[in-house]
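Hi there,

Here is the structure I promised to pass on to you.

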Amino acid sequence: MNNCINFIQNAFGADCLLCGAYSGPENLCGDCLDHLPHLPEKRCRICSNPSVSPICGACLARPPHFSRTLAILSYEFPVDALMQSLKYQGNLALASTFAKMLVEASKGFPRPDFIMPVPMHPAKLRERGFNQAIEIGKIASRKTGIAMIESRKIRDTPSQTSLPWKEREKNVRDAFACELKFDSSHVAVLDDVMTTGSTINELARMLHGQGAGEVSAWVVARAVKSI
Ligand SMILES: [Zn+2]
Ligand SMILES: [Zn+2]
């Protein structure tokens, strides 16, 4: 049904999901796109949290396993509502909108050799029917020509959003696996939203164990921790 709706939207144009104005083949009109909340200019090169210096105190004290973050939007209204629409209403047309933003922003970044979406546990995947990170990743891969690779989530962990920040790191420890050997290549781990960065950090740790030379993060939205 959703595919059918998406087809109709693509073929005949549709109304903007946020304001209802006609938005042609896109699901957001130009005006709403221009007014989405962006991240502050001054932010940490590694974790993308607001920071007056290029690397924030937290990353200096305890460097993550990923080297930099490409993040576009601030995870607040209406970005959170759009993410919910993508994830829980299966509004897959938004995957394309977000992928386009990532691809555009990635032009100023070192080009990775692979894009690896954050995997979902098979039980969760059965429940939802799709993994939004893979949907965004597929389009980003097609648009950039960077190969998309997949890893596995081997432990069905409680949702990170249900846990206090401090427990999120422990929650995802050893939750991922990948049989590929990376031979010093650069892998960009892609996700829809980054909150503490614990999930991407754990994937980066696993990827370095598989021989990756560099792991970076590509995320559509970042939950901003105030300084
Ligand atoms: Zn609009
Ligand atoms: Zn940082």
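Predicted model: local features only at pLDDT ≥ 70, side-chain atom pairs only at ≥ 80, totals over all residues.

Let's start with the zinc ion (ligand 1). Cys-16, Cys-19, Cys-29 and Cys-32 coordinate the zinc ion through their SG atoms, at 2.3 Å. Along the sequence, these donor residues follow the spacing C-x2-C-x9-C-x2-C. Why is the arrangement called tetrahedral? Because the 4 donor atoms subtend angles of 106 to 117° around the zinc ion. Cys-29 and Cys-32 are both buried.

Next, find helix 8, which spans residues 165-172. Arg-168, Asn-171 and Val-172 are buried there. Looking down the helix axis, you would see the buried residues within an arc of 75°, so they line one face of helix 8. They pack against strand 5 (176-177) and helix 9 (198-209). Lys-166 and Lys-170, on the other side of helix 8, are exposed. Just after this helix comes Asp-174, with a positive phi of about 55°.

Finally, the cores. The largest nonpolar core has 31 residues, and those touching the most other members are Leu-73, Phe-98, Leu-102, Ile-136, Leu-190 and Trp-218. Helix 5 gives the most to this core, with 7 residues. Both domain 1 (1-35) and domain 2 (37-222) supply at least three residues to this core. A second, separate core has 28 residues, among them Phe-176, Phe-182, Val-187 and Val-215.

Enjoy exploring!

Note on methods. Residues numbered from 1 in each chain as written. Chains lettered and ligands numbered in written order. Heavy atoms only, no water. Donors = N, O, S within 2.8 Å, 3.2 Å for Na, K, Ca; no water. Tetrahedral: all angles 85-135°; square planar, octahedral: opposite > 155°, others 65-115°. Buried < 20%, exposed > 50% of the residue type's maximum accessible area, 1.4 Å probe, protein only. Helix = DSSP H or I, 4+ residues; strand = E, 2+ residues; numbered from the N terminus. Arc of directions from axis to C-beta. Contact = heavy atoms within 4.5 Å. Core = buried A, V, L, I, M, F, W, Y, C linked by side-chain atoms within 4.5 Å. Domains from an automatic or database assignment.
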